[in-house]
Amino acid sequence: MNNTAQDTYENRCKGRVGEDVFEDYCTRKGVQFYRTGFDEKQDQIQKFWMIHPTMRHIPDYLIENDKGQLSWIHVKGTPRLKLIDLFIYSQFEQQFKGECGFFLAFCFKGQDPHFLTFPALQKKLTGLTVQEWDDGKQYLHLPL
């Protein structure tokens, strides 16, 4: 995928490279993972937009480490974050994660995932410039 701000909506929505990288990582490390979120690219639901935004944006996975601890994982296959997603991550962190951890996993081909908690992500946002895609969605490009 082209990694520029000029990516079209169609190019940004192709494939599930991030999820594949994440699942491969978990398999190699012996981490149990469970698919929890909606997969807009593979298991499409007609009228997906009618589902409440909180439910549409539940994290992609719940993992269990070798100590039995659970963590929610939201996989990102790009270092770009839509502004609206930041609000959703904040809401999930505050209201829904329960006693589990909550991480964003930035997953790119040829690399192990880069994990960030929401508070760590917030610290990385300082000084970033808001940019806009061709469809009007605003985003930040996160330095990883």
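In what order do the three strands of the open sheet lie? The order is E4-E8-E7, with antiparallel pairing.

1. Basis. This is a predicted model; local features need pLDDT of at least 70, side-chain atom pairs count only at pLDDT 80 or more, and totals for chains, interfaces and linings use all residues. Residues are numbered from 1 along each chain as its sequence is written, and side-chain values use heavy atoms, leaving out hydrogens and water.

2. Sheet edges. Strand E4 (80-82) and strand E7 (131-132) are the edge strands. Each has a single partner, so one side of each lacks a neighbour in the sheet. Strands are DSSP runs of E, at least two residues; helices are runs of H or I, at least four; both are numbered from the N terminus.

3. E4 with E8. E4 pairs with strand E8 (residues 138-141) through three antiparallel bridges. Pairing requires at least two DSSP bridges between two strands. Arg80 has His141 in E8 as its bridge partner.

4. Helix H2. H2 (residues 17-29) has 13 residues and spans 18 Å from first to last C-alpha, close to the 18 Å expected at 1.5 Å a residue. The expected span is 1.5 Å times one less than the number of residues.

5. Buried face of H2. Gly18, Glu19, Val21, Phe22, Tyr25 and Cys26 are buried (under 20% relative accessible area, 1.4 Å probe, protein chains only). The buried residues of H2 fall within an arc of 160° seen down the axis, so they line one face. The arc uses directions from the helix axis to the C-beta atoms.

Technical notes. Buried < 20%, exposed > 50% of the residue type's maximum accessible area, 1.4 Å probe, protein only.
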